[in-house]
Amino acid sequence: MIGTPISPVSAVGRVTANRYVSSAFLRLDIDLGLPFDFRPGQFAMVNEPGPGGWTFSRPFSVLAAADQTLSLLYRVVGRGTAALAELPAGASLQVLGPLGTPFPAPTAERSAVLLGGGVGLPPVLAWCERWGRKDDIACFGARDGAEVPWELLGPRWHVSVDRPNGLPPGRVAFTGVVTGLARTLPGLPGPGRADILACGPLPLLRAAARLAQERGWGCYLSLEEHMGCGYGVCKGCVVPVVRGGSVRNATCCQEGPVFAAADLPWLGEEDGGRGEDTH
Ligand SMILES: Cc1cc2nc3c(=O)[nH]c(=O)nc-3n(C[C@H](O)[C@H](O)[C@H](O)COP(=O)(O)OP(=O)(O)OC[C@H]3O[C@@H](n4cnc5c(N)ncnc54)[C@H](O)[C@@H]3O)c2cc1C
Ligand code: FES
């Protein structure tokens with residue numbers, strides 16, 4: 001159940017905060033000067049405004065939106081995100097969003113198993129903040145303890161790390177992959193009683209799909225494909241989907257980024273069934 005679509009807004013906003021919330025992640029708050037609504041799993045295209053802007057806007061999942069402020073969480077990986085990290089309060093940013101198909105809303109019959117890895121945290125955190133119930137399970141995986149944005153994670157979040165260094169005093173984390181962490185948790189729902197909602201790198205998504213299959217759960221995955229326009233025109237983000245037995249190309253920006261794992265059978269083909277995920 002997705003509900004009535006939310007019309008995207010295009011606005012030049014003003015950065016109100018842009019700061020590291022862990023060794024790897026920055027939180028960016030942008031005052032858009034108008035209300036911004038979204039559904040968890042949707043994203044926004046961001047660019048520097050005017051002639052100095054990047055050739056292609058960059059997509060970022062919505063972390064939160066309150067009043068007129070849109071919040072994103074990002075990691076510096078290249079030119080665009082490095083430029084973002086330099087932006088002082090008061091700088092202008094062009095924003096288009098919300099875009100894309102969100103995660104499904106909760107249902108009374110099924111709990112949610114939220115799995116986020118690295119920069120895949122914002123959409124599952126947004127889901128948890130908006131809809132999280134007592135029986136839902138929330139797991140986040142990072143490379144190490146210093147990378148975890150602890151201030152954003154409430155007590156319900158379970159954390160896994162590849163390496164147990166950098167953990168702040170009093171914090172605990174499972175050493176291993178995030179799906180490995182989920183498997184250790186007590187009281188996991190039975191078959192047909194849960195849906196995995198996951199976002200992160202492809203190995204994590206593959207492991208999430210495999211976990212769902214083993215447990216008899218549903219599974220929805222948010223893909224982080226490279227994107228040019230964000231709204232279906234450039235076709236730079238197509239992924240093959242299988243529905244009703246036939247394969248076709250779907251635009252990740254419009255029909256995704258969230259897909260049912262059942263629509264993406266190719267996910268299981270590339271890692272030889274090792275079942276590993278990374279962050
Ligand atoms: C729907 C969606 C939501 C996203 N949400 C977030 C988010 O919440 N936080 C966040 O930090 N990032 C997110 N990303 C990824 C983010 O868009 C890229 O990291 C960003 O565009 C990189 O821009 P850049 O100019 O810094 O890097 P570039 O200079 O363009 O590239 C640097 C390196 O990063 C790789 N790269 C670029 N884009 C992607 C991508 N989409 N997936 C994997 N590798 C990529 C390039 O291949 C290259 O190796 C999301 C992507 C999508 C499609
Ligand atoms: S990003 Fe252009 S069609 Fe999807």
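This is a predicted model: local features need pLDDT of at least 70, side-chain atom pairs count only at pLDDT 80 or more; totals for chains, interfaces and linings use all residues.
**Conventions.** I number residues from 1 along each chain as its sequence is written, and I letter chains from A and number ligands from 1 in the order in which they are written.

**Domains.** I looked up the division of the chain first, and found domain 1 (9-99) and domain 2 (111-269), with bounds that come from an automatic or database domain assignment. Their C-alpha centres lie 22 Å apart, and the contact takes 22 residues from domain 1 and 25 residues from domain 2, where two residues are in contact if their C-beta atoms, placed from the backbone, lie within 7 Å. On the side of domain 1 that touches domain 2, the elements giving two or more residues are E3, E4, E6 and E7; I take helices (H or I, at least four residues) and strands (E, at least two) as DSSP runs numbered from the N terminus. The largest share of that side, four residues, comes from E6. By class, I note 16 nonpolar, five polar and one charged residue there, with Ala, Val, Leu, Ile, Met, Phe, Trp, Tyr, Cys and Pro counted as nonpolar, Asp, Glu, Lys and Arg as charged, and the others, Gly among them, as polar.

**Sheet.** Next I traced an open sheet of seven strands, in the order E4-E3-E7-E1-E2-E6-E5 and with antiparallel pairing; two strands pair if DSSP finds at least two bridges between them. Strand E4 (58-61) and strand E5 (64-66) are at the edges with a single partner strand each, so one side of each has no neighbour in the sheet. I record an average twist of 35° from one strand to the next, using axes that are lines fitted to C-alpha atoms, for helices over the stretch in contact, with angles from 0 to 180 degrees between N-to-C directions.

I then went through the pairings one at a time. Strand E1 (residues 9-20) is joined to strand E2 (residues 25-31) by six antiparallel bridges, and a hairpin of four residues connects E1 to E2; Tyr20 has Leu26 in E2 as its bridge partner. E1 also pairs with E7 over six bridges, again in the antiparallel sense, and there Arg14 stands opposite Ser92 in E7. Strand E3 (residues 43-47) pairs with strand E7 (residues 92-99) over four bridges, with Met45 opposite Leu96. Helix H2 (residues 121-131) lies across E4, E5 and strand E6 (69-75), and runs at about 140° to E6.

**Ligand 1.** I count 21 residues around ligand 1, the closest being Tyr74, Gly78, Gly80, Thr81 and Val119; a residue is near a molecule or strand if its C-beta atom, placed from the backbone, lies within 6 Å of it. E4, E6 and helix H1 (79-85) each supply at least two residues of this shell, which draws at least three residues from each of domain 1 and domain 2. The shell divides into 11 nonpolar, five polar and five charged residues.

**Cys234.** Last, I located Cys234 in the loop between strand E13 (218-222) and strand E14 (238-243).
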